[in-house]
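Thanks for taking a look at this one with me.

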Amino acid sequence: MPVPGASAAAAPPGRAASMRMFHGDVFLGEADVFPIKPGPEGALPFPSNEIRISHLSPASERCPPLAILQTIAPFSVRCKLQAKPLPPHPSLHRLYLTCFNEYKSAVVVVGDEELHLVAMPSKVEKVPCFWCCSVRVGLYAASVGMLNLRCLAIVFDLDETLIVANTMRSFESRIEMLSRRMDIEDDPVRVAGMSAEIKRYIEDRELLKEFIDTDTVTDNGRIVGTQKEEVQPMPGVQERLVRPVIRLPERNAILTRINPEIRDTSVFVKLRPAWEDLRSYLTAKGRKRFEVYVCTMAERDYALEIWRLLDPEANLISLNNLSDRVVCVKAGSKKSLQHVFRDGGCHPKMAMVIDDRLQVWDEKDQHRVHVVPAYAPYYAPQAEMANAVPVLCVARNVACNVRGGFFREFDENLLKKVFELLHENELLDLPYAPDVGDYLVCEDPNFPQSNKDPAPIPEGMSGAEVEKRLNGR
C-alpha cells in the first residue's frame with residue numbers, strides 16, 4: 001500500500017524489456033524490466049534475457065532488504081521489475097509476498113555478483129514490483145546477521161599496537177644500538193634515560209635466555225616452569241601442536257616458542273595494559289558487539305600464536321574463522337580493508353581499525369583508523385598510565401561511540417526513510433547510508449592521535465625479522 005507523504009516520480013528512463021522469470025527451473029511468470037539509466041549505461045544485467053532466481057536471501061529480523069543493500073552497496077539499483085498485467089502468475093505473486101513479508105530478497109547470481117530482487121510496495125495495487133540491486137557474492141548474507149545484531153567489524157594490528165615481542169636477536173640488536181647512541185650523547189638526562197632503557201632490555205633478555213636454555217625463568221627469586229599449551233588445530237589441519245609457555249601476569253608478559261622444536265624461535269611478549277578491558281567489551285555478556293579481524297605485516301605462524309595468547313579461549317575469533325580472519329600483509333605493502341574482507345565477510349564502511357600507524361593503510365581506509373600511540377614498554381614504560389584512561393580503554397570507548405553513532409543513523413534515518421519508499425520512487429530518494437568513518441572521533445581531546453614522541457628505536461620485531469628467525473636463518 002502507498003505510504004502517505006512518499007514522493008512519487010515518473011517511470012524510470014529507458015524502454016521496458018519483457019522477461020520470463022524462473023525460480024530454479026520453475027516458471028514464475030513474466031515481468032517488464034525497466035533500466036534505471038538511459039543508453040549503454042542502462043544495459044540490463046540478466047544473461048540470456050531471462051531472470052533465473054537461484055535462492056532467497058536469509059530472512060532479516062528487523063531490517064528490510066533495501067536498507068541492508070543501501071548500507072553495503074549504496075545506490076546500486078540496476079533496474080526495476082513489474083509483473084505483467086493482472087492477474088499475475090500465482091507463483092510470482094507468492095514469491096513477492098514471501099519476500100515482502102519475511103524481509104527476504106530473491107537472488108540471481110551472475111558471476112561474482114548477486115542481483116537482489118527487492119519486493120517494493122507500489123501505487124498499483126496487487127502488482128508484484130521489485131527493485132534489482134547488485135552486490136558482491138556473499139556480502140549480503142554476511143551483513144544481514146551483523147545488522148540484525150547491531151554488530152560492526154573491528155580490525156587489530158598486533159606489533160606495537162597490542163603487544164611488543166622480541167627474540168634474543170632483536171634484544172641484542174636494540175641493546176647494541178642504544179649503547180652506540182650513549183657513546184656519542186652529551187646530554188646527561190638522555191644518557192640516564194638510555195641507560196634505564198638498556199637495563200630493561202637486558203632484564204627481559206636474561207629471562208628469555210633462561211627460558212631458551214632451561215624451559216624455566218627466575219622471576220623475583222621464584223623459579224617458574226613452562227606449561228604445555230595445546231594449540232587447537234584449525235579445520236583441515238591434522239597436526240597436533242603443543243607449545244611451552246610461561247605466563248608472568250605481574251609483568252604483563254608471556255614467553256612462548258613459535259616452533260616448539262626450535263628453541264631459537266622463543267619469543268618474549270609484552271601485552272599492552274588494559275587489553276582485558278577492551279576484549280571483555282567486544283563480547284560482553286556473550287553478545288558480540290564487533291566481529292574481530294587481525295591485519296599485520298608479521299609472519300603467519302607468529303601472528304597466529306600472538307593472537308592465541310591474546311584470545312586464548314577463541315572468544316573473539318572462532319577456530320573455524322581463524323584462517324580467514326588473521327590476514328598477513330607483505331612487509332612494505334599497504335594494508336586495506338578490501339583485502340581483509342576479501343571473502344566478502346564485511347563491507348569496509350562497517351569496519352573500524354585499531355593501529356599505531358596510519359600511513360600503512362590504503363588512503364581510502366584511513367578515515368576508519370583509530371590511531372593509538374605505539375606501545376613502547378622499554379622506552380617509556382610509564383607512558384601507558386600517564387593519562388587517566390589507558391590507551392586501550394580509550395580505544396574501547398571510541399569503539400563504543402562508533403557503534404552507537406552508526407546504528408543511531410541506521411535506525412533513525414536510513415530505516416525510517418526506506419520504509420517510506422515506493423516502487424515509483426527515484427534513486428535519489430534513497431537515504432544516506434552510515435559509514436564508520438563518520439563517527440570515528442576520539443572521546444578524549446587530550447589523547448594523542450599520533451606519536452609525537454615515538455621511541456627512537458622501533459620496539460619489537462618487523463615481519464621480515466620474525467620470518468628469518470622462524471625459518472632458522
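Below are a few numbered points to guide a first look.

1. Before we start, this is a predicted model: local features need pLDDT of at least 70, side-chain atom pairs count only at pLDDT 80 or more, and totals for chains, interfaces and linings use all residues. Residues are numbered from 1 along each chain as its sequence is written, and side-chain values use heavy atoms, with hydrogens and water left out.

2. Let's begin with serine 105, in the loop between α2 (90-102) and β6 (106-110); helices (H or I, at least four residues) and strands (E, at least two) are DSSP runs, numbered from the N terminus. With a relative accessible area of 0%, serine 105 is buried (under 20%; exposed is over 50%, partly exposed in between, with a 1.4 Å probe and protein chains only). Beyond its neighbours within four places in sequence, its contacts (heavy atoms within 4.5 Å) include His55, Cys99 and Tyr140.

3. Next, find the open sheet, where 5 strands run in the order β18-β17-β9-β19-β20 with parallel pairing (two strands pair if DSSP finds at least two bridges between them). At its edges are β18 (326-328) and β20 (369-371), each pairing on one side only. Strand β19 (residues 351-355) is joined to β20 by 3 bridges, and valine 353 stands opposite valine 369 in β20.

4. Now for the rings: the structure holds 15 aromatic pairs. Rings of Phe, Tyr and Trp (its six-membered ring) pair if their centres lie within 6.5 Å; planes under 30 degrees apart count as stacked, over 60 as edge-to-face and the rest as tilted. Tyrosine 96 belongs to helix α2 and phenylalanine 130 to strand β8 (residues 129-136), 34 residues apart. Tyrosine 96 counts as buried at 11% relative accessibility, and so does phenylalanine 130 at 1%.

5. Do look at tyrosine 201 and tyrosine 378 too, a stacked pair with 4.3 Å between centres and 10 degrees between planes. Because tyrosine 201 lies in helix α5 (residues 188-214) and tyrosine 378 in the loop between β20 and α10 (391-418), the pair ties together parts 177 residues apart in sequence. Tyrosine 201 is buried at 0% relative accessibility, and tyrosine 378 is buried at 1%. Phe171, Tyr201, Phe268 and Tyr378 form one aromatic cluster.
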